[in-house]
Amino acid sequence: MTAAGPEAESGQTDAGHNGSLTRSAFTTALHAHADQYWSRHPLHLRLHQGGLSREELRRWIANRWYYQKLLPQKDAAIIANCPVPEVRRRWTQRITYQDGTAEGRGGNAQWLALAEAAGLTRAEMLDERHVLPGVRFAADAYVTFARTRPWIEAVAACLTELFSPGLLRDRLTALRTHYPWVDASGHDYFTTRPAAATDDARHALDLVVSHCTTRQQQDAALAALTFKCDVLWSMLDALEHASRTG
């Protein structure tokens, strides 16, 4: 979208497009959701400061697994709803990244390796005995959102990836510094994911900014990103409550 006049240059609206935000202003509004991202949640702060007990860290790993394992289903829902072949072709890479090209490969396999490195068995991860109701509800709601909302809104919800690379690097530092009892064989997810997340976020951002050209579409995309931040925050609220109540 081409900026026009002082209103567009100031980052407000482009009157030539029915009050829609300029491309620059819309991008800025999306990035502003960093303030709502779960990096600032008290549980994450304690994790990075070395404040989690072994039980708490294992609970976090086991519950985050439930979210991780649903990501390919979320991405499949986006593909199913998207009528654009080139978008579908590129988005398929996300499923391959998490599920891998074979058993024992991919992001989800790396997360299971983290669990085993932290002393959790594969059986207790796969039977989900540690998954809290609040985490299950929030993660399931995210998949339902992707299935029932327009595909570009579901893509917008994925833009929490804009804020994740730095958090992932901080988490790796925290594991190495504060949780040496977690074997290094479980660190692979945090060494490979930042680069992939950066690339995925760049692609998703371009899609959202290019396809959301009316103010209504832009507002829906911003609301979708807010929803996703709420999903992530709610997951950690459930874990924090479990830590307080024992």
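A residue is called buried if its relative accessible area is under 20%, exposed if over 50%, and partly exposed in between (1.4 Å probe, protein chains only). The model is predicted, and local features need pLDDT of at least 70, side-chain atom pairs count only at pLDDT 80 or more, and totals for chains, interfaces and linings use all residues. Residues are numbered from 1 along each chain as its sequence is written, and side-chain values use heavy atoms, with hydrogens and water left out.

**View 1. The aromatic pair of Y37 and F163.** Y37 is buried, and F163 is buried too. Ring pairing applies to Phe, Tyr and Trp (its six-membered ring) with centres within 6.5 Å; planes under 30 degrees apart are stacked, over 60 edge-to-face, and the rest tilted. The structure holds ten aromatic pairs. Y37 and F163 form a tilted one, at 5.5 Å centre to centre with 55° between the planes. Y37 lies in the loop between helix 2 (23–31) and helix 3 (42–48), and F163 in the loop between helix 9 (151–157) and helix 10, so the pair ties together parts that are 126 residues apart in sequence. Helices (H or I, at least four residues) and strands (E, at least two) are DSSP runs, numbered from the N terminus.

**View 2. The aromatic pair of Y67 and Y142.** Both Y67 and Y142 are buried. Their rings are stacked, 6.3 Å centre to centre and 15° between the planes. Y67 belongs to helix 4 and Y142 to helix 8 (residues 133–148), so that this pair links distant parts of the chain, 75 residues apart. Ring pairs link Y37, W38, Y67, Y142 and F163 into a cluster.

View 3. On a 1 Å grid over the protein atoms alone, a cavity is a set of points where a 1.4 Å probe fits but cannot get out, whereas a pocket is an open set with protein on both sides within 12 Å along at least five of seven lines; lining residues have an atom within 4 Å of a point. Grid points are joined across faces, edges and corners, and a volume is the space filled by probe spheres set on the points. Of its 25 lining residues, the closest to the centre are R64, Y67, L71, E161 and R193. Helix 4 gives the most to this lining, with six residues.

**View 4. The largest pocket and N108.** About 160 Å³ of space lies in the largest pocket. Its lining includes W65, D99 and N108, and helix 6 supplies the largest share, five residues. N108 is found in helix 6 (residues 107–117) and is buried, with a relative accessible area of 8%. Leaving aside neighbours within four places in sequence, N108 is in contact (heavy atoms within 4.5 Å) with W65, Q68, K69, P72, Q98 and D99.

**View 5. The largest nonpolar core.** A nonpolar core is a set of buried Ala, Val, Leu, Ile, Met, Phe, Trp, Tyr and Cys residues joined through side-chain atoms within 4.5 Å. The largest has 77 residues, and those with the most contacts inside it are W60, I61 and V208. Helix 4 gives the most to this core, with twelve residues.
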